[in-house]
Amino acid sequence: MQSSWVTQGSRPASWACGSGGNDVGSIMIEENVVAAAGAHHRASEEELRRLIRDAGFIPRQRDTLYRTYFLN
């Protein structure tokens, strides 16, 4: 289950990780739909890694086929 930091921000995404979420989504290069609706949350890859670590998990990168790659 993916927690959407893009729509809700990083703090609710962190809470979702502690409530059964197992995916925080990815960084956005260009995001227009959610921004047009009024949400303007931004995060770097390092910020998302920190969010995941702070929630007590190990960040992993995945591709579109859900193959995972471990990060330091």
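A residue is called buried here when its relative accessible area is under 20%, exposed when that area is over 50%, and partly exposed in between, with a 1.4 Å probe and only protein chains considered. The structure is a predicted model, in which local features need pLDDT of at least 70 and side-chain atom pairs count only at pLDDT 80 or more, whereas totals for chains, interfaces and linings use all residues. Residues are numbered from 1 along each chain as its sequence is written, and side-chain values use heavy atoms, with hydrogens and water left out.

The chain holds four helices and two strands, where helices (H or I, at least four residues) and strands (E, at least two) are DSSP runs numbered from the N terminus. Read from the N terminus on, the elements follow the order α-α-α-α-β-β. Of the 72 residues in the chain, 28% are buried. Where a contact means heavy atoms within 4.5 Å, residues 24 or more positions apart account for 34% of the contacts in the chain that have a separation of 6 or more.

Helix α4 can be read in a similar way. In α4, the residues Leu-48, Arg-49, Leu-51 and Ile-52 are buried, and because they cover an arc of only 160 degrees around the axis, they sit on the same side of α4. After α4 comes Gly-56, which has a positive phi, near 95 degrees.

Which residues make up the largest nonpolar core? This core has seven residues in all, namely Trp-5, Ala-13, Cys-17, Val-24, Leu-48, Leu-51 and Ile-52, a nonpolar core being a set of buried Ala, Val, Leu, Ile, Met, Phe, Trp, Tyr and Cys residues joined through side-chain atoms within 4.5 Å. Helices α2 and α4 each supply at least two residues of this core, and its largest share, three residues, comes from α4. In soluble globular proteins, nonpolar side chains tend to be buried together. Leaving aside residues up to four places away in sequence, Ile-52 touches Val-24, Phe-57, Ile-58 and Pro-59.

With a salt bridge taken as a side-chain nitrogen of Lys or Arg within 4 Å of a carboxyl oxygen of Asp or Glu, the count comes to five salt bridges. One of them joins the side chains of Arg-49 and Glu-45 at 2.5 Å, N to O; these residues are four apart in helix α4 (residues 45–54), which means that about one helical turn separates them. Another joins the side chains of Glu-46 and Arg-49 at 3.8 Å, N to O, and these two residues of α4 are three apart, about one turn of the helix. An α-helix has 3.6 residues a turn, so residues three or four places apart point the same way. Arg-49 counts as buried at 19% relative accessibility, whereas Glu-45 at 36% and Glu-46 at 45% count as partly exposed. A network of salt bridges links Glu-45, Glu-46, Arg-49 and Arg-53.

Is Asp-63 buried or exposed? At 17% relative accessibility, Asp-63 counts as buried. Asp-63 forms a salt bridge with Arg-67, their closest N and O atoms being 2.6 Å apart, and Arg-67 is partly exposed, with a relative accessible area of 48%. The side chain of Asp-63 also reaches the backbone nitrogen of Leu-65 at 2.9 Å.

Technical notes. The arc is that of the directions from the helix axis to the C-beta atoms. A polar contact is a pair of N or O atoms within 3.5 Å; within protein, one must be able to donate a hydrogen and the other to accept it, and residues adjacent in sequence count only if both atoms are side-chain atoms.
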